Amino acid sequence: MDVFNGLVGEQMRIMEKLLYLQGELERCEEIEAQLQMLQKETELKEVQIEIGKMKEELKQIQQIFEMQTEKVIRVYQENELKLSSSS
């Protein structure tokens with residue numbers, strides 16, 4: 001069960017990072033829209049590059065989260081099988 005608890009803790013840390021990145025991405029996209037209206041091309045390009053990086057990082061974090069979720073489910077199912085067979 002320690003493995004399961006450790007995985008759930010890791011899952012929560014990944015979820016926090018995921019939520020943080022989503023918030024930052026939304027914030028940057030709002031800045032992007034404002035800069036487009038102001039037509040500040042240099043700053044706009046910098047923000048667009050940052051948005052691209054964040055989207056890539058978000059994608060990677062989502063993949064890690066999905067793999068962790070599968071692992072949590074697998075460990076939980078294994079623990080349930082062990083408990084069922086020892087009864």
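## Helix H2 and its cover

Helix H1 is among the elements that cover the buried residues of helix H2. Contact here means heavy atoms within 4.5 Å, and helices are DSSP runs (H or I, at least four residues), numbered from the N terminus. This is a predicted model, in which local features need pLDDT of at least 70 and side-chain atom pairs count only at pLDDT 80 or more, while totals for chains, interfaces and linings use all residues. Residues are numbered from 1 along each chain as its sequence is written, and side-chain values use heavy atoms, with hydrogens and water left out.

Helix H2 runs over residues 41-86 and has 46 residues. At 1.5 Å a residue it should span 68 Å, where the expected span is 1.5 Å times one less than the number of residues. The end C-alpha atoms of H2 are 67 Å apart, which agrees.

## Buried positions

The buried residues of H2 include Leu 44, Ile 51, Leu 58, Phe 65, Gln 68 and Val 72. Buried means under 20% relative accessible area, exposed means over 50%, and partly exposed lies in between (1.4 Å probe, protein chains only).

In helix H1 (residues 2-38) is Gln 11. Gln 11 has a relative accessible area of 10%, so it is buried. Leaving aside residues up to four places away in sequence, Gln 11 touches Phe 65, Gln 68, Thr 69 and Val 72. Of these, Phe 65, Gln 68 and Val 72 are listed among the buried residues of H2.

## Salt bridges

Side chains of opposite charge can pair when their charged atoms come close. The structure holds four salt bridges, each being a side-chain nitrogen of Lys or Arg within 4 Å of a carboxyl oxygen of Asp or Glu. One of them joins Glu 10 and Arg 13, with the closest N and O atoms 2.9 Å apart. These two are three residues apart in helix H1, so about one helical turn separates them. Glu 10 is partly exposed, at 29% relative accessibility.

Another salt bridge pairs Lys 17 with Glu 57, at 3.7 Å from N to O. Lys 17 lies in helix H1 and Glu 57 in helix H2, so this pair ties together parts that are 40 residues apart in sequence. Lys 17 is partly exposed at 40% relative accessibility, and Glu 57 is partly exposed at 32%. Glu 29 and Lys 55 also form a salt bridge, their closest N and O atoms being 3.8 Å apart. Because Glu 29 is in H1 and Lys 55 in H2, the pair ties together parts 26 residues apart in sequence.
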